[in-house]
Amino acid sequence: QRYKGVALPNDATLVKMLKAAGAIPFCKTNVPQIMFSWECSNPVYGTTSHPLHRQFIPGGSSGGESCLINQRGSVIGIGTDIGGSCRIPAHMAGCVGIKATKNRLSVKGKARPTLYGDGQENIASCAGILGSTVDDVAAFFEGVLSPKVIEVGIQDDPYMLPMTWDTAKVSSKAPMRFGFYDDDGYIEAAPACR
């Protein structure tokens, strides 16, 4: 409980970008202890229940955020995602979640360096976005990755990709192509994932 109610001295880079785009961050929602859980419970704030079914959980680690969005307490939410921390609770609570590509959005300043370490590179967490609809998430990316706002991010985090949002590509009716692999030459995907 030593960090309860104690804010970091500076805003994270993504929060600075959100403010530059005109957003007003107003709360922090519940997460599981050390963030490595598909539920949302910790000894400081307790267990978060699913917004529609109190006997169930909303998933994790961004379960508190998915509940807030499901109940229309917020239009958009940010978190981090390695293995589904935004996408799983979004699915469970009936909203939209996406894990951004590494360095597409900054994660600099997301927490104390002693908690995650600024050098966490091998299994790096990426920014995850939750929203009520796909259009809300697209509007988030359009605002945060505008030329003016992306400059704020690049000045603060040199690892962030200097690539603005391309509305034409997103709204195109051309067939989309997705790439994937199930064996990178080092680690083969589990049979259930193939």
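**Salt bridges and overall fold**

Colleague: How do the side chains of D81 and R87 meet?
Modeller: They form a salt bridge, at 2.8 Å from N to O. The term stands for a Lys or Arg side-chain nitrogen within 4 Å of an Asp or Glu carboxyl oxygen. This is a predicted model, in which local features need pLDDT of at least 70 and side-chain atom pairs count only at pLDDT 80 or more, while totals for chains, interfaces and linings use all residues. Residues are numbered from 1 along each chain as its sequence is written, and side-chain values use heavy atoms, with hydrogens and water left out.

Colleague: Is D81 buried or exposed?
Modeller: D81 is buried, and its relative accessible area is 0%. Buried means under 20% relative accessible area, exposed means over 50%, and partly exposed is in between (1.4 Å probe, protein chains only).

Colleague: And what about R87?
Modeller: R87 is partly exposed, with a relative accessible area of 35%.

Colleague: How accessible are K16 and D156?
Modeller: K16 is partly exposed at 31% relative accessibility. D156 is partly exposed too, at 22%.

Colleague: What does K19 pair with?
Modeller: K19 forms a salt bridge with D11, and the closest N and O atoms are 2.7 Å apart. K19 has a relative accessible area of 43%, so it is partly exposed. D11 is also partly exposed, at 35%.

Colleague: Change of topic. How many helices and strands does the protein have?
Modeller: There are 7 helices and 5 strands.

Colleague: In what order do the elements run?
Modeller: Starting at the N terminus, the order is α-β-β-α-β-α-β-α-β-α-α-α. The radius of gyration is 17 Å, close to the 16 Å that the globule rule gives for 194 residues, so the protein is as compact as a globular protein of that length. That radius is taken over C-alpha atoms, and the rule is 2.2 Å times the number of residues to the power 0.38.

Colleague: What box do the C-alpha atoms fill?
Modeller: Roughly 45 × 45 × 35 Å, taken along the principal axes.

Colleague: What share of the residues is buried?
Modeller: Buried residues make up 30% of the 194.

Colleague: And what share of the contacts comes from residues 24 or more positions apart?
Modeller: Such residues account for 61% of the contacts with a separation of 6 or more. A contact means heavy atoms within 4.5 Å.

Colleague: Back to the helices. Where is P147 found?
Modeller: P147 is in helix α6, the helix that also holds D156 of the K16 bridge.

Colleague: Is P147 buried or exposed?
Modeller: P147 is exposed, with a relative accessible area of 58%.

Colleague: What separates the C-alpha atoms of P147 and C86?
Modeller: They are separated by 26 Å, and the two residues are 61 residues apart along the chain.

Technical notes
Helices (H or I, at least four residues) and strands (E, at least two) are DSSP runs, numbered from the N terminus.
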